[in-house]
Amino acid sequence: MFHSLKGKFLLVQDGISASIRGFKTKEGQSENAQSSINYHAGAEIVMKNEQEWKEIHELFEESAKKASAIDKTIHLVHEDMDKKLQNIQEVTNFLGNIPKFSKKIESISSTLESIQRMAEEAERVLVIFEDMVEVEEYKRKEINEQFAFSEYCHKKTREIEIVKKKLEEEYFEKLSVEEKKMEDTLKERQELFNMAFQQDMQLYKESGIVPKFRVNDSSSKVTLEDVVIDDDLKDLNELLES
């Protein structure tokens, strides 16, 4: 609307300006012919009208600018009102959905209660499971200790057997050494007895006297088992025959 008014005033102004320019042109053309005519009559009125139209044109331009600013302000107010109306509609929709939200909250609360009961049951089962794990761990530890004790006993048994075998070997070795020493000692004694017997036999043959039994070492004790009769009984037979 303001733009159309502005256009009309511009057209009017252009028409007045064209009339003034035409009037001045005609005045110049007829100046030579009619020098006695007052051509400036009404010029002041025209200029005054032109000045007034110019002022009106400026006022209309200023009004158009203000109208444009007002239009922008109205547009901003309209947008703000639209936003507020939209917010009011959203609040209205939210208030209308409150019953649905209440039902959903009740459903969520019921679900949470079920989850809590399930959690309590799971905790109870977990406690039982932990007790079972502790019992199984104790049994496993006890079995491991028994196995370790059995291994220890078996190890000690093997060590005892090894020591026993070693002691037996040492005993039999010492026994063999002692037996050999005993055999050597008996053999030496047997040789001494044989020599003494030969001497006694020779003395008996020569003198007819039976010599007494002599013992070189009074501390040595000779038993009947220690006396070994030589298999060669030739001298004894000769003595008995004589």
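**Figure 1. Helix α3 from end to end.** In this predicted model, helix α3 covers residues 98-207.

**Figure 2. A negative patch on the surface.** Here you can find four residues, E168, E169, E170 and E173, that form a negative surface patch. Pick out E173, which has its place in helix α3. Is E173 buried or exposed? With a relative accessible area of 53%, E173 counts as exposed, because the word is used for values over 50%.

**Figure 3. A nonpolar patch on the surface.** This view shows V91, F94, L95, I98, F101 and I105, which form a nonpolar patch with about 550 Å² of accessible area together. Which elements give two or more residues to this patch? They are α2 (43-96) and α3. One of the patch members to look for is I98, found in helix α3. I98 has a relative accessible area of 34% and is therefore partly exposed, since that label covers values between the 20% and 50% cut-offs.

**Figure 4. Stepping back to the protein chain.** The protein chain holds 4 helices and 0 strands, and reading along the sequence gives the pattern α-α-α-α. How much of the protein chain is buried? Of its 242 residues, 5% are buried.

How values were computed: Residues are numbered from 1 along each chain as its sequence is written. This is a predicted model: local features need pLDDT of at least 70, side-chain atom pairs count only at pLDDT 80 or more; totals for chains, interfaces and linings use all residues. Side-chain values use heavy atoms; hydrogens and water are left out. Patches are made of residues with over 30% relative accessible area and no salt bridge: like charges are joined within 9 Å, nonpolar side chains (Val, Leu, Ile, Met, Phe, Trp, Tyr) within 5 Å. Accessible areas come from the Shrake-Rupley method with a 1.4 Å probe; for residues, only the protein chains shown count as cover. A salt bridge is a side-chain nitrogen of Lys or Arg within 4 Å of a carboxyl oxygen of Asp or Glu. Lys and Arg count as positive and Asp and Glu as negative; His and the chain ends are not counted. The place of a charge is taken as NZ of Lys, CZ of Arg, CG of Asp or CD of Glu. Buried means under 20% relative accessible area, exposed over 50%, partly exposed in between (1.4 Å probe, protein chains only).
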